[in-house]
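Subject: The structure I promised you

Hi there,

Here is the structure I said I would pass on. Please open it alongside this email, and I will walk you through what turned up.

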Amino acid sequence: MSLDSILLTIFQRLHGERSAQGVYHILRGKRSGQTLQDVEYYQVKSYYALLPQLTASEFQQTLERMQADGLILINELVYVTAKGQMATGSEMWRFNGWNYRGREREFGRRLALLVQTLSNLRSGETMFMPIQKELPTQQFIKSLLRNQLSNMTNLSTSLRKELEQALIQSSLSDLQRTIVTSRLTGYGFTASTWEQLAESLNVSAKTIQLYYLEALHILLDYLPQQPNMPLLTELAVGCRVDTYLTQSAERTQKLFERGYSLEQIASLRNLKLSTIEDHFIELAANMDNFPYEEFVTKEQMVTVWRHVEQMQTKRLRLLKEQCPELSYFQLRLIIIMERRES
Amino acid sequence: MELQKVLHQKFGYESFRPGQQEVITELLAGRDTVAIFPTGMGKSLCYQLPAYMLDGVVIIISPLVALMEDQVANLRKHKEKRVVAINSFLSRKEKELALSTMAQYKFIFLSPEMMMQQHVRQLVQQLPIAFFVVDEAHCISEWGFDFRPDYLRLKELFSFTERAPVLALTATANKKVVEDIITYLRLRNPHIQRQPMDRPAISYRIVHVDNESAKTEWISERLATTIGPGVIYVASRKRADELAAIIRQRGIPTASYHGGKEQDERSIIQEQFIQGELEWICATNAFGMGIHKDDIRQVIHEHLPATPSAYIQEVGRAGRDGDKAAVTLLYSERDSQKVKFIVYEDLPDEQQILYYHSLLQSGTATLLAAEQAGLSEIASRLLDYYLEQYEVENVIRQIQQIYQVKEKHIAEMESYVKSDSCLREKLMQFFGENILPAETDCCSNCQNLDDDWLIKSEASTKQETETLQWHERLHQLLG
Ligand SMILES: [Zn+2]
């Protein structure tokens, strides 16, 4: 498993309907209408904002190598070859990028600092160089500890119990348990670098980093159902996205709820109609009870879905040829609603 | 004596290191002071200790965020909670919070850009200030190797008749640079405390090789037969990774360290090096600040540093415990060309200056103009500063002077590597210090090196620590 397999999975889901650039935006978590719509259309939300630090050149190099290896074909759009399909592998990634968007790393940083702090304090060592340099992380841990009633040794044991239970019960692989614990520093113990883990586990460093990332997602997904994990739950505060809408879409939503029409909102907000339409697509993708009936009929939806099924495509231009009476906005809405219904 | 008591109680030391007491006494008497201490010789204590003997806050102006964070961490380690760093890496909210609560702190670290913002300056000037500290003060001088135009604006801060004393700290400054520090910081009849640059514990070596692969070979052989802990300075991130991998293959615990690694990785590597788990670090010049490790036995350079100051700072990380340390500079004929290329890349040429100026004149935004003229961030800030004060012709002249200074520094380094007289003597001369070659263990040119202490014994090869199961590891960490 590697970045290759992630890219291959995404490219397959997009079945040749998007450029490499579109995939780059997905991985980086670009908050544009197009990208947000793409992840919804093609069911790749779990990969959204997975690698916010991915550089364009790194991405480009990976693609070039994959093309040279015959895994993909790039011809403005990206196609996965038969060899690429074989190489994708059957193991499924269990990312949840959509919900964390890079903030899972803050959970990892807090965990590392809390473990280091408690490990030192319980051993009577009060002077140590914090392994996390970021001020917000340090402040977070400081205030967390300030609000604790029990002594540091008990707290340390509680954290160990919580971590142990979480690592066992949250369906991590054994490899992931090793990786997560190896990234922890404490009294008399240093953490391992990615390179060192790669060497000792005989897996590439890049892959180990992805496993670690996935492990953070799995842990964060697991925690909300656990009433008996106060410390870990506290560490996870704010790591999950609380609003899925862009700010601008949120403003549109408010006006829509107050009864304004699409056109009215556009003129009120002094924005282009197409922008407001983007917002509505975003709303449709994220709201539980989006009133799609105000824009399309049930029959229109069924017709479009049938075309999607028959033609095996979601490309708007092709669908528009089949249903010229529908606007692009209506078509986009119908495709989004298909995801939501299924 | 009072000073001794504070030294012991607050910092746990029995005695001062040379020069510290003089600086502290002068500063407590309210006198501006310039302290030139070689790296790792207890510069920070010169402001930390008097802070506890005076009322009011200490304002520390520090040019690098990494350096600032390190100083803050260090103070916190000594149980000082009233410390804050305000720099451009804080979010808007954090910055506002820090600024609005400034009065509760004892130590306030500020970047020069931040310090010179109008509202920050006003807030600072309302505080009861014990004294100011300008860290890395040599950055103020165009003659210095890491000139920071932002520093020049500090003079506005220190021009007032009534102001708290200023302590200028630096690890390296020749006469010309000290003059610049005094002039630009508007220091008044300052006390100048210069600790000798020469570190008797360090012995110097130059090894001439034919090409890059010969360097790799020399390093592999050297590391197989001699002891660490050590640092190898290389020219690029890529090379740091590559060389570390080669050394690791030889079974020597090594990691690369550079600005391209994520912060977590850098912290882990530092920690492992300090704990003695890593024997060698292959680093770019990003490595050094904030490394509190006294027992570094070797520093090897496989590229030519751009200035004697940079070189002396980097080798100065060796042997801080006072025991012997060996430093080696590997040189091949093409190295000076390479360093020239890197150094001049950041300096704008005449055409770039003229073009940038004309863009600004026609109302183009600074950032855009810099991009169009192909200027680096450092270069554009440098030009902004000069263009504010001088006509463009004059600016070109100024930049040409800087160019000449850099050229001179590189020439000095070239003359160092090509010298056949005492290396220690030669290096110290660049800083205006006249010393005699050491009787023993001086340098490869004096031919009086005794390297027996460097030889690695068979037994010193570290045992692999057994890898723990993950739950065992958790138990050991947290109980
Ligand atoms: Zn000599």
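Predicted model: local features only at pLDDT ≥ 70, side-chain atom pairs only at ≥ 80, totals over all residues.

**Chain A and the cores**

Chain A has 342 residues, and 54% of them count as buried. Its secondary structure consists of 19 helices and two strands. Along the principal axes, the C-alpha atoms of chain A fill a box of roughly 75 × 55 × 35 Å. If you look at contacts in chain A between residues at least 6 apart in sequence, 68% of them link residues at least 24 apart.

The largest nonpolar core holds 112 residues, and the members that touch the most others are A:Leu27 and A:Phe290. Helix 12 of chain A (residues 205-222) gives this core its largest share, with 11 residues. Another core, of 59 residues, lies apart from it and includes B:Leu110, B:Cys139, B:Val177 and B:Ile402.

What does A:Phe290 touch, once residues up to four places away in sequence are set aside? The list is A:Phe256, A:Phe280, A:Leu283, A:Ala284, A:Phe295 and A:Leu333.

**A covered strand in chain B**

Strand 2 of chain B spans residues 57-61, and five of its five residues are buried. In general, side chains in a regular strand alternate between the two faces of the sheet. Here B:Val57, B:Ile59 and B:Ile61 point one way, while B:Val58 and B:Ile60 point the other way.

Strand 2 of chain B has parallel pairings with two strands that I noted. With strand 5 of chain B (residues 129-134) the pairing runs over five bridges, and with strand 4 of chain B (residues 107-110) it runs over four.

B:Cys442 and B:Cys443 are both buried.

**Helix 21 of chain B, against chain A**

Helix 21 of chain B covers residues 470-478, and its buried residues are B:Trp470, B:Arg473, B:Leu474, B:Leu477 and B:Leu478. Viewed down the axis of helix 21 of chain B, these buried residues fall within an arc of 105°, so they line one face of the helix. As a general point, an α-helix has 3.6 residues a turn, so residues three or four places apart point the same way. The partners of these buried residues are in chain A: they pack against helix 7 (104-122), helix 9 (152-169) and helix 10 (174-182).

Neighbours within four places in sequence aside, B:Gln476 is in contact with A:Arg122, A:Phe189 and B:Leu468. Just after helix 21 of chain B comes B:Gly479, which takes a positive phi of about 85°.

Conventions: Residues numbered from 1 in each chain as written. Chains lettered and ligands numbered in written order. Heavy atoms only, no water. Buried < 20%, exposed > 50% of the residue type's maximum accessible area, 1.4 Å probe, protein only. Pairing = 2+ DSSP bridges. Arc of directions from axis to C-beta. Contact = heavy atoms within 4.5 Å. Core = buried A, V, L, I, M, F, W, Y, C linked by side-chain atoms within 4.5 Å.
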